[in-house]
Amino acid sequence: MAEIIDGKKIAEDVVATVAATAKDLAAHGVKPGLAVVIVGEDPASQVYVASKSRKAKECGFHSVQHTLAGGTSQADLVALIEQLNVDPAIHGILVQLPLPAHIDSGAIIQTIEPDKDVDGFTFVNVGRLGTGEVDSAFVPCTPAGSMLLIERVRGRDLSGLTAVVVGRSNIVGKPMANLLLAANCTVTIAHSRTKDLPALCRTADILVAAVGRPEMVKGDWVKQGATVIDVGINRIPAPEKGEGKTRLVGDVAFAEAAENAGSITPVPGGVGPMTIAMLMANTLVSACRAAGVEPPR
Ligand code: NDP
């Protein structure tokens with residue numbers, strides 16, 4: 001039976017280290033500052049933003065939330081970001097996506113100062129990661145957290161391991177593949193047009209599923225002893241819990257996959273908690289750079 005990778009516990013460890021380092025930074029006169037910007041009333045986004053702000057406070061950060069009306073213009077949003085870009089109390093800026101349809105999200109993201117882009121979505125940070133400059137990049141939080149989970153079970157040296165990443169989104173699949181490549185894995189990115197996905201997955205020492213399809217990756221797609229990272233978060237009906245009830249599952253058929261895997265993340269409690277933890281870690285790194293202090297690794 002596979003080792004279950006406890007993302008909740010590892011995320012708590014990350015947050016504890018971040019909070020301790022944030023305390024030490026006070027001696028340098030720096031308090032990490034995170035600004036979260038939300039436009040409109042999307043209930044899911046409001047929940048995410050509230051939990052990010054809460055976690056920032058838990059880490060001892062200066063936490064600022066800008067809640068703008070749904071009708072806010074592109075120009076007004078750009079003006080706010082430009083103000084945050086030059087605010088010395090702010091080290092990380094996060095614009096909660098999705099933005100209302102009248103706003104050009106791509107253009108807004110590129111307005112963020114790359115050295116405060118703690119989501120890692122600006123071209124500068126994508127380019128840093130893509131050229132292997134991992135230490136100077138801000139890496140998107142979900143793949144960064146997934147990588148930390150992989151390192152916890154396989155160590156930092158992943159040289160020569162075969163990795164398959166299923167999914168090629170800009171926020172998960174592609175940066176995940178770049179991180180694994182930078183760690184000297186032999187990496188294949190699979191997507192909806194990939195032929196014979198099960199056979200490809202069976203080659204993987206490290207298999208990352210970031211697809212958004214409930215339990216798509218079956219047990220017999222998993223190589224014996226592989227590390228399986230399930231990024232997917234899918235809500236499916238759970239009639240066994242009562243009428244109208246739902247439950248969360250990943251992109252991997254967990255019970256089957258766990259029979260072959262050496263280690264595997266559960267859903268919930270695997271990659272999910274790492275995402276917010278890495279947002280805090282990225283903000284701390286930005287503050288450390290501002291203070292001229294070596295960030296913790
Ligand atoms: P996207 O929808 O942006 O990308 C999904 C990818 O999966 C695409 O590249 C798509 O291929 C590929 N895909 C879809 N169907 C298949 C298939 N049948 N076979 C192979 N590949 C397929 O999703 P995200 O990357 O944003 O998210 C992926 C999952 O991760 C979702 O469940 C999401 O909820 C979850 N997630 C979890 C986070 C966390 O904090 N744990 C954070 C972010 C996302 P193609 O490009 O060809 O269309």
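User: What makes a residue count as buried?

Analyst: A residue is buried if 20 or more other C-beta atoms lie within 10 Å of its own, and exposed if 12 or fewer do. In this predicted model, Val-208 has 34 C-beta neighbours inside 10 Å, so Val-208 counts as buried.

User: Where does Val-208 lie, and which residues does Val-208 touch?

Analyst: Val-208 lies in strand β7. Leaving aside residues up to four places away in sequence, Val-208 touches Ser-146, Val-165, Val-166, Met-176, Ile-229 and Val-231.

User: How do I read the sheet that holds β7?

Analyst: Strands of a sheet pair through backbone hydrogen bonds, and the pairing is either parallel or antiparallel. Here six strands form an open sheet with parallel pairing, in the order β1-β11-β8-β7-β5-β6. At the edges stand β1 (3-4) and β6 (186-190); each has a single partner strand, so one side of each is left without a neighbour in the sheet. Helix α6 (residues 141-154) packs on this sheet and touches β1, β7, β8 (227-230) and β11 (263-264). The direction of α6 makes about 160 degrees with that of β8.

User: How many bridges join β5 to β7, and how many join β5 to β6?

Analyst: Strand β5 (residues 162-166) is joined to β7 (residues 206-209) by four bridges, and to β6 by five. On the β7 side, Val-166 stands opposite Ala-209. On the β6 side, the bridge partner of Val-165 is Ile-189. As for burial, four of the five residues of β5 are buried.

User: What is the strand order in the three-stranded sheet?

Analyst: That open sheet has the order β3-β2-β4, again with parallel pairing. Its edge strands, β3 (62-68) and β4 (92-95), each pair on one side only. Neighbouring strands there are turned by 15 degrees against each other on average, direction ignored. Seven bridges link β2 (residues 33-39) with β3, and Ile-38 stands opposite Thr-67 in β3. Helix α2 (residues 43-58) lies across β2, β3 and β4, running at about 170 degrees to β2.

User: How does the reach of helix α10 stand against the expected value?

Analyst: Helix α10 (residues 272-291) has 20 residues and reaches 30 Å from its first C-alpha to its last, close to the 28 Å expected at 1.5 Å a residue. α10 is mostly covered, with 17 of its 20 residues buried. After α10 comes Gly-292, with a positive phi near 70 degrees.

User: Which residues other than glycine have a positive phi, and are they buried or exposed?

Analyst: Asp-196 lies in the loop between β6 and α8 (197-201). Asp-196 is exposed because 9 other C-beta atoms are within 10 Å. Glu-215 lies in the loop between β7 and β8 and is buried, with 20 other C-beta atoms within 10 Å.

User: Where are cis peptide bonds found?

Analyst: One runs from Leu-97 to Pro-98, with omega near 0 degrees; Pro-98 is in the loop between β4 and α4 (105-111). Another joins Val-267 and Pro-268, with omega about 0 degrees, and Pro-268 is in the loop between β11 and α10.

User: Which residues come nearest to the ligand?

Analyst: Of the 25 residues around the ligand, Gly-167, Ser-169, His-191, Ser-192 and Gly-212 come nearest. By class, the shell has 10 nonpolar, 12 polar and three charged residues.

How values were computed
Residues numbered from 1 in each chain as written. Predicted model: local features only at pLDDT ≥ 70, side-chain atom pairs only at ≥ 80, totals over all residues. Near = placed C-beta within 6 Å. Nonpolar A, V, L, I, M, F, W, Y, C, P; charged D, E, K, R; others polar. Pairing = 2+ DSSP bridges. Helix = DSSP H or I, 4+ residues; strand = E, 2+ residues; numbered from the N terminus. Axes fitted to C-alpha atoms, helices over the stretch in contact; angles between N-to-C directions. Contact = placed C-beta atoms within 7 Å. Expected span 1.5 Å × (residues − 1).
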